[in-house]
Amino acid sequence: MANVTIDKVVKKYGSVEVIHGIDAVIGDGEFVVLVGPSGCGKSTLLRMIAGLEDISGGTISIGDKVVNDLPPKSRDISMVFQNYALYPHMTVKENMAFSMTLAGAPKEEKERKVREAAEILGLLPLLERKPKALSGGQRQRVAMGRSIVRNPQVFLFDEPLSNLDAKLRVQMRGEIKGLHRRLGTTMVYVTHDQIEAMTMADRIVVMQAGRIEQIGTPLELYDNPVNTFVAQFIGSPAMNLFAGVNKGGQIELEGGQPTGLSAPPSLAEGQRIVIGKRPEELHLTTDGPISTRIENIEPTGSETFVEARLGDTPVAVVLRQRPAFTIGAEQSLTLNKGATHYFDAATGMRLG
């Protein structure tokens, strides 16, 4: 096991800079997820840790060793890709043992390590099968088993679940997290799916446009987003953002509707802000000062997701009860007094 230290790392393609001097420390034995929209640089950063991309500036260390100029095979890491990359003519056992075979490991050692990894991953009954006889989830477990037998200091995962269906993704999330608990090895995991990040990570690194926006535990990011980008990226449905202003110590929406929220002492009179409310902190009623139009209703059984519109602003509401209204209805919006977030209207940064 080892920590991974990213110090002022830059990546350029010619004159175009895509990673802008970022810093992060991934602790020994920690499960860290890099998350962000497509093109944010998360996979590029992972590939730089792996040695598959050159580093244009700064340093990356694994343990106490700077690895900038080391080839992938010398970094003591193992990578699992979204493409399983299994050899179709080899059995599960042969695929898992392949790196050890190349290294000339003794047969007894290969047998022992493959069996140990197969037991962890529930692959013992499948060792003599070939990849074509496996499901997608089983193939992904074989790819992970191939990494486990190498006993690396750091596991790197590049969107390993994106090729699986929804049910298998949920199952594999639990299996990868369980694998981390058993092995205790440092893991760095890339995904664009914030639900994966929230359910799996010890800490999350939120990236946008080649920069790190915020690092924290899943609940730290959910409860205290540093800016409007993180506020809307973490959480499903996303946090609602409303343009507002402090009028005489009370928060009003931009259109002048009262919200019933008292302005924090830190807000100046007349200060323009962005109000952040999670969908579960909103209510829909039959009378009130803020009128919305219902645009979609998505029942999930235990909850109902409602999409509404307030002027040009989309509104997401999560209801525990089953609504009596229908699509197209006019409903009044009520903002709970608790768990309100305030952001600067110009910069999007959190206030207070």
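Visitor: What is the strand order in the open sheet that includes E15?
Guide: The order is E15-E19-E16-E17-E18, five strands with antiparallel pairing. Strands pair here if DSSP finds at least two bridges between them. Strands are DSSP runs of E with at least two residues, helices are runs of H or I with at least four, and both are numbered from the N terminus. This is a predicted model: local features need pLDDT of at least 70, side-chain atom pairs count only at pLDDT 80 or more, and totals for chains, interfaces and linings use all residues. Residues are numbered from 1 along each chain as its sequence is written, and side-chain values use heavy atoms, with hydrogens and water left out.

Visitor: Which strands stand at the edges?
Guide: Strand E15 (282-285) and strand E18 (313-319). Each has a single partner strand, so one side of each has no neighbour in the sheet. The twist averages 45° from one strand to the next. Those angles are taken between N-to-C directions, from 0 to 180 degrees, with axes as lines fitted to C-alpha atoms, for helices over the stretch in contact.

Visitor: How many bridges between E16 and E17?
Guide: Six, linking E16 (residues 291-299) and E17 (residues 304-310) in the antiparallel sense. Ile294 has Ala308 of E17 as its bridge partner.

Visitor: And the sheet with E13 in it, what's the order there?
Guide: E13-E12-E11-E14-E20, an open sheet of five strands paired antiparallel. Its edges are E13 (258-262) and E20 (340-344); each has a single partner strand, so one side of each is left without a neighbour in the sheet. Neighbouring strands are turned by 40° against each other on average, direction ignored.

Visitor: What joins E12 to E13?
Guide: Three bridges, with E12 (residues 250-253) running antiparallel to E13. Gln250 has Ser262 of E13 as its bridge partner.

Visitor: Where is Leu267?
Guide: In the loop between E13 and strand E14 (272-277).

Visitor: Buried or exposed?
Guide: Leu267 counts as buried, because its relative accessibility is 8%. The cut-offs: buried is under 20% relative accessible area, exposed is over 50%, partly exposed is in between (1.4 Å probe, protein chains only).

Visitor: Which residues is Leu267 in contact with?
Guide: Asn246, Ile251, Ile273, Tyr342 and Leu351, leaving aside its neighbours within four places in sequence. Contact means heavy atoms within 4.5 Å.

Visitor: Switching to helices. How do H5 and H6 pack?
Guide: Helix H5 (residues 136-148) and H6 pack at about 20°, with axes 11 Å apart. That makes the two roughly parallel. The label covers angles under 35 degrees; over 145 is roughly antiparallel, 65 to 115 roughly perpendicular, and the rest oblique.

Visitor: Which residues make the contact?
Guide: From H5, Gly137, Gln140, Arg141, Met144 and Ile148. From H6, the list includes Leu168, Met172, Ile176 and Leu183.

Visitor: What lies in the loop between H6 and E8?
Guide: Thr185 lies there, between helix H6 (166-183) and strand E8 (186-191). Thr185 is buried, with a relative accessible area of 6%. Its contacts beyond four places in sequence include Met1, Glu30, Phe155 and His180.

Visitor: How many residues of H1 are buried?
Guide: Seven of nine, so helix H1 (residues 42-50) is mostly covered. Among them are Lys42, Leu45 and Ile49. Just after H1, Gly51 takes a positive phi of about 90°.
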